[in-house]
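Colleague: I am new to this structure. Could you walk me through how to read it, one feature at a time?

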Amino acid sequence: MSKNKKIAIYGKGGIGKSTIVSNIAAAYSENHKVIVIGCDPKADTTRTLYGKRLPTVLDVLKDKRQAQIEDVVFEGFNQVMCVESGGPEPGVGCAGRGVIVSMNLLDKLGVFSDDLDVVIYDVLGDVVCGGFAVPLREEFADEVYVVTSGEYMALYAANNISKGIKKLKGNLGGIICNCKGIENEEKTVSEFASAIGSRVVGVIARSQLVQKSEYDAKTVMEKFPDSKQADSYRKLARDIYDNDKFTVPNPMDIDEFEEFFHKFQ
Ligand code: ADP
Ligand code: MG
């Protein structure tokens, strides 16, 4: 029976969301039917799964009023289904519009069928506008994970995202630590997770294999399937799949956050 797991991965730009999303999608594809929906205007979530950049839903709709499934859903590595919602040019309009338009279209086209085991949304978390909330709406994602490193701005964004999750009464499944290689990193992230009433569900090491794979427009899972790094994405995929502990986060206010952060300096 399909579990129909609907996951949203949030985090600040450049923190490693797309790398994690594409690699765990590749991990799920070993046993499951999975779809990845890139909701970042950068529209590069699926590049390493598909081997090149996809046309976005917004781009397709510019040329075609009646888009069909095959115009917007593309088959990538190991049959992972790939979608990029797209967004406006930088500085023009709401970054969330692509997400709203895409989700409505995918819904109408019947993409979210019951035989899907895993749906993964890759969502930029530093643009808190209408689009931010869309994947969190009940009918789309059921659970949220936030990616951060131990850096100030990444944790600051993670704390802000958790405010959004709280407001929308979203289920926070945990924090993913994507290491930048800074001192005390795992401890800092783990203390941050407890401070907001959550926990770390996975730790991904910094690795050269990520860049080497990205250079070839491949996931680490495809290019280095037998590596330790690939195993860490497999483990994260499994731990998310099996996770049944969720909380409504309890974000810090700005003073609490500053105080928290300075404890680690
Ligand atoms: P986001 O989707 O959050 O904007 P990306 O997944 O595109 O971030 O990652 C940003 C950059 O960081 C990419 O160039 C990627 O190769 C690199 N990166 C991500 N995770 C790791 C890692 N664990 N080790 C080394 N580099 C990484
Ligand atoms: Mg990205």
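Modeller: Gladly. Keep in mind that this is a predicted model. Let us begin with exposure. A residue counts as buried under 20% relative accessible area, as exposed over 50%, and as partly exposed in between. Take Glu-151: its relative accessibility is 33%, so Glu-151 is partly exposed.

Colleague: Which salt bridge does Glu-151 form?

Modeller: A salt bridge pairs a side-chain nitrogen of Lys or Arg with a carboxyl oxygen of Asp or Glu, within 4 Å. Here the partner is Lys-180, and the closest N and O atoms are 3.5 Å apart. This pair links distant parts of the chain, 29 residues apart. Lys-180 sits in the loop between strand E7 (172-178) and helix H8 (185-195). Glu-151 sits in the loop between strand E6 (143-148) and H7. Lys-180 is partly exposed too, because its relative accessibility is 30%.

Colleague: How many salt bridges does the structure hold?

Modeller: It holds 10. One of them joins Glu-30 to Arg-234, with 3.3 Å between the closest N and O atoms. Glu-30 is in the loop between helix H1 (17-28) and strand E2 (34-38), and Arg-234 is in helix H11 (residues 228-242), so the pair ties together parts that are 204 residues apart in sequence.

Colleague: Are Glu-30 and Arg-234 buried or partly exposed?

Modeller: Check each against the cut-offs. Glu-30 has 43% relative accessibility and is partly exposed. Arg-234 has 18%, so Arg-234 counts as buried. There is also a network of salt bridges here, which links Glu-30, Asp-231 and Arg-234.

Colleague: Which residue forms a salt bridge with Asp-71?

Modeller: Lys-64 does, and the closest N and O atoms are 3.0 Å apart. Asp-71 is buried at 16% relative accessibility. Lys-64 is partly exposed, with a relative accessible area of 37%.

Colleague: Which residues in H7 are buried?

Modeller: Among them are Ala-154, Leu-155, Ala-157 and Ala-158. Further along, Ile-161, Ser-162, Gly-164 and Ile-165 are buried as well. Look also at the loop between E6 and H7, where Ser-149 lies. Ser-149 is buried, with a relative accessible area of 0%.

Colleague: How do I read sequence distance against distance in space?

Modeller: Ser-149 and Ile-182 are 33 residues apart in sequence, and their C-alpha atoms are 8.6 Å apart in space. Now take Glu-183 and Val-210. They are 27 residues apart in sequence and 21 Å apart in space, C-alpha to C-alpha. Glu-183 is in the loop between E7 and H8. Glu-183 is exposed, at 73% relative accessibility.

Colleague: How far apart are the C-alpha atoms of Val-203 and Ser-213?

Modeller: They are separated by 19 Å, for 10 residues along the chain. Val-203 lies in strand E8 (residues 200-204). Its relative accessibility is 35%, so Val-203 is partly exposed.

Colleague: What should I look for in backbone angles?

Modeller: Most residues other than glycine have a negative phi. Lys-169 is not a glycine, yet its phi is positive, about 50°. Lys-169 is exposed, with a relative accessible area of 68%.

Colleague: What phi does Ala-217 have?

Modeller: Its phi is positive, about 55°, although Ala-217 is not a glycine. Ala-217 lies in the loop between helix H9 (208-215) and helix H10 (220-223). Ala-217 is buried, at 8% relative accessibility.

Colleague: One last feature. Which residues gather in a patch of negative charge on the surface?

Modeller: Such a patch needs residues with over 30% relative accessible area and no salt bridge, with like charges joined within 9 Å. Here Asp-253, Asp-255, Glu-256 and Glu-259 gather in one. Take Glu-256, which lies in helix H12 (residues 254-263). Glu-256 is partly exposed, with a relative accessible area of 42%.

Terms used:
Residues are numbered from 1 along each chain as its sequence is written. Chains are lettered from A and ligands numbered from 1 in the order in which they are written. This is a predicted model: local features need pLDDT of at least 70, side-chain atom pairs count only at pLDDT 80 or more; totals for chains, interfaces and linings use all residues. Side-chain values use heavy atoms; hydrogens and water are left out. Patches are made of residues with over 30% relative accessible area and no salt bridge: like charges are joined within 9 Å, nonpolar side chains (Val, Leu, Ile, Met, Phe, Trp, Tyr) within 5 Å. Accessible areas come from the Shrake-Rupley method with a 1.4 Å probe; for residues, only the protein chains shown count as cover. Lys and Arg count as positive and Asp and Glu as negative; His and the chain ends are not counted. The place of a charge is taken as NZ of Lys, CZ of Arg, CG of Asp or CD of Glu. Helices (H or I, at least four residues) and strands (E, at least two) are DSSP runs, numbered from the N terminus. Buried means under 20% relative accessible area, exposed over 50%, partly exposed in between (1.4 Å probe, protein chains only).
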